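Subject: Structure handover

Hello,

Here is the structure I said I would pass on.

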Amino acid sequence: MEMLQKNRCFDGEQRIYQCDSDALKGTSKFAVFLPPAALKGEQCSALFYLAGLTCTEETFAIKAHAQRLAAQLDLILIMPDTSPRGDGVAQGDSWDLGLGAGFYINATQAPWATHYQMESYIVEELYPLIQTEFPVIQGQIGIFGHSMGGHGALTLALKYPEKFKSVSAFAPICAPSQCPWGEKAFSNYLGHDQSVWLQHDATALIQHKGALFAEILIDQGLDDQFYAQLNPDLFQQACDKVGQKLSLRQHAGYDHGYYFIQSFIDDHLQFHAVQLEQ
């Protein structure tokens, strides 16, 4: 692990690291915000943020304005990149497939399978690395994300509840097997067996897994230009069916971008701080 950059921020530090990844078969960057307490060596809760299509490890750190409250709440923020990158990595022919569009799954199909192992990278490599290198309280790690990253946050939390104690999302792709973004990604990365797709679909997973969390929080803008791709109502119905408490907050006038995220980021950080300490 090599630190590439650090900047003072609300008496903490915003850092960017690079590490070698066996899962991705190359190097990968991730960002970390360390609150003042962590810089002093005090144990803190941690929160993974998974960004959306076309984003990098820097997007949330620059655009979300999360560091001020994270510093006050003693939350370590971890922000991985959205896909593998580098020489030899398959790139795709559009912005919603390939680079910047890893979908937080392990691809099984050529040419993607060689490098596109984002699920393994996050849960098997980055997760233990964060626990080893930073003062993280064992068992107090949450996950949240936006759009494609909201899909990733929901699905990884449902697949690995022993790793993630809390989960929330901004405008997540709730049922990727039933929308064009998901159909395109899954058919390329996973093949055409749709029963396999359901293993990476939050709506299908909640129906299979049942209620796993005290509460899930989702914020969704009603002027979101991608609303038809997101299907929050399907996820709400699935949660209701299995008794999973879901706070689905829908906001008139808000779109899909980071001004929307800025508007409600404090609520999400406070939600996780409470959930992680219970």
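For the helix packing, an axis is a line fitted to C-alpha atoms over the stretch in contact, and the angle between two axes is taken between N-to-C directions, from 0 to 180 degrees. Please keep in mind throughout that this is a predicted model.

Helix packing

Helix α5 covers residues 148-159 and helix α8 covers residues 202-209; their axes come within 9 Å and cross at roughly 20°. Angles under 35 degrees count as roughly parallel, and α5 and α8 are therefore roughly parallel to each other. The crossing of α5 past α8 is left-handed. On the α5 side the contact is made by Leu-154, Thr-155, Leu-158 and Lys-159, and on the α8 side by Ala-202, Leu-205, Ile-206 and Lys-209. By class, the residues of this contact between α5 and α8 are five nonpolar, one polar and two charged.

α8 also packs with helix α10 (residues 232-242), at an angle of about 0° and with the axes 9 Å apart. α8 and α10 are therefore roughly parallel to each other as well. Here α8 contributes Ala-202, Thr-203, Ile-206 and Gln-207, which meet Leu-234, Phe-235, Ala-238, Cys-239, Lys-241 and Val-242 of α10. The contact of α8 with α10 has seven nonpolar residues, two polar ones and one charged.

Aromatic pairs

The structure holds 20 aromatic pairs. One of them joins Trp-95 and Trp-181, edge-to-face, with 6.0 Å from centre to centre and 90° between the planes. Trp-95 lies in the loop between β5 (75-80) and α4 (118-133), while Trp-181 belongs to helix α6 (residues 180-190), so the pair ties together parts that are 86 residues apart in sequence. Trp-95 is partly exposed at 45% relative accessibility, whereas Trp-181 is buried at 5%.

Another pair is formed by Phe-170 and Phe-260: the ring centres are 5.9 Å apart and the planes stand at 85°, so this pair is edge-to-face. Phe-170 is in strand β7 (residues 166-170) and Phe-260 in helix α11 (residues 258-277), so parts 90 residues apart in sequence are tied together. Phe-170 is buried, with 0% relative accessibility, and Phe-260 is buried with a relative accessible area of 0%. Both Phe-170 and Phe-260 belong to one aromatic cluster with Tyr-49, Phe-60, Phe-144, Tyr-254 and Phe-264.

Single residues

Leu-50 is in strand β4 (residues 44-50) and is buried, with a relative accessible area of 0%. Leaving aside neighbours within four places in sequence, the contacts of Leu-50 include Pro-80, Tyr-104, Ile-122, Phe-144, His-146, Ala-153 and Leu-156. Leu-50 and Trp-95 are 45 residues apart along the chain, and their C-alpha atoms are separated by 17 Å.

Pro-111 sits in the loop between β5 and α4 and is partly exposed, with a relative accessible area of 49%. From Pro-111 to Ser-45 the separation is 66 residues in sequence and 38 Å in space, C-alpha to C-alpha.

Regards

Methods: Residues numbered from 1 in each chain as written. Predicted model: local features only at pLDDT ≥ 70, side-chain atom pairs only at ≥ 80, totals over all residues. Heavy atoms only, no water. Helix = DSSP H or I, 4+ residues; strand = E, 2+ residues; numbered from the N terminus. Parallel < 35°, antiparallel > 145°, perpendicular 65-115°, else oblique. Left-handed = near helix turned anticlockwise from the far one by under 90°. Contact = heavy atoms within 4.5 Å. Nonpolar A, V, L, I, M, F, W, Y, C, P; charged D, E, K, R; others polar. Phe/Tyr/Trp six-rings, centres within 6.5 Å; stacked < 30°, edge-to-face > 60°. Buried < 20%, exposed > 50% of the residue type's maximum accessible area, 1.4 Å probe, protein only.
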